[in-house]
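Dear colleague,

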Amino acid sequence: MIISKEPKLTDAQLAEVESIVADFNCRIQVIVGEHRCVYAILGDESHELMFNRLIGLPYVDRVDHIESPYRLMDIRGELAKQPFVINDCDLNKDLLIIAGPCTVDPKNPDLLFETAEAVKEAGAHMLRGGVWKPRTVPYSYQGDTKSLELMLEARSRTGLPLNIEVMDSVQLDIALEAGVDMLQIGTRNALNYSLLKEIGQKTQNIACKVLLKRGRHMGPIDEFIAAAEYIVANGNPGVLLCPRGTLPGLDGYRNHPDESIIPLLKQKTWAPVVYDASHAVGRSAFVPASSKAAVAYGADGLNLETHVAPGAGIGDDPKQAITPEVLTKLISDLNTIRSL
Ligand code: PEP
Ligand code: MN
């Protein structure tokens, strides 16, 4: 839909607009209003170059998309009917809880094993644990492939499926070889389209879910959904969206908590929304309140850094992991909120 700066285009301007859209097999339908005309583009609107050429015209004020940029993710689409089950959690009915340490410490395997048992006991459906870590400062600990062995051991001890972040193709292949149940794409790779494409393609015939975090610099809603769509378009419809707070942070929190994006996402797409309260607030004391707000806003699940002894953990755990005791009470409170 083209909106011109003046109430209507001149004949020469209209001819120029028509010729641009014709290059993309589209045509213009003029809608004549009482005070001004608008120009609908009929045809496939998905050509970015067509939009850029129209927006570049000096007499055009704006060009709006009418069609959704993400047809596969659309709440009215066919995929909205797909079943979404992880472990014993049916996301159409239950709240999904993913819990575990920020970062697996390969020097202290027992901390992971105890944490895995404890989050299971608390009611978590899936174990998270960072094997390879994107960090705020590049000189920080970046993970160790050895930790994957520990996560696999934790899975066989508890039966909990695994959520593990991958940041590149090498890690992806190792994780898939190990049979990881959910791949996490971190906020720093939220728009790494070549990685998203590769993940979609390499998981198309296996039961591996993909948790896509929101870009940390206030990733717009449509950009977030379109990035998820790219994974789906490349073969894997098992995508979940994970808001995790944005930058700049709210003074006192690590990021700007973004629970309020949840109903906006849920209005547009069928993808389950799993909120990461831990990174949103960055302090364990605030995680329960942020999680409750997310559930009140309609979250389908939570991704919560949890550790049996946060102070003895590495990565983010000392500052933002909750304990299994806090998790147990929180899950009960969250289910109460959901039942309201
Ligand atoms: C994490 O989940 O530990 C993590 C690094 O998340 P994010 O990409 O949201 O920073
Ligand atoms: Mn973390």
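What percentage of the 340 residues in the chain is buried? Buried residues make up 44%, where buried stands for 20 or more other C-beta atoms within 10 Å of the residue's own, exposed for 12 or fewer, and C-beta atoms are placed from the backbone. The model is predicted: local features need pLDDT of at least 70, side-chain atom pairs count only at pLDDT 80 or more, and totals for chains, interfaces and linings use all residues. Residues are numbered from 1 along each chain as its sequence is written, while chains are lettered from A and ligands numbered from 1 in the order in which they are written.

An automatic or database assignment gives domain 1 (2-63) and domain 2 (78-339). Their C-alpha centres lie 43 Å apart.

The chain has 12 helices and 14 strands, taken as DSSP runs (helices H or I, at least four residues; strands E, at least two) and numbered from the N terminus. One of the helices, α4 (residues 146-158), reaches 19 Å from its first C-alpha to its last, close to the 18 Å expected (1.5 Å times one less than its number of residues). Ser147, Leu148, Leu150, Met151, Ala154 and Arg155 are the buried residues of α4. Seen down the axis of α4, these fall within an arc of 160 degrees, so they line one face of the helix (the arc is that of the directions from the helix axis to the C-beta atoms). Lys146 and Ser156, on the other side of α4, are exposed. Gly159 follows α4 and has a positive phi, near 80 degrees.

Yours sincerely
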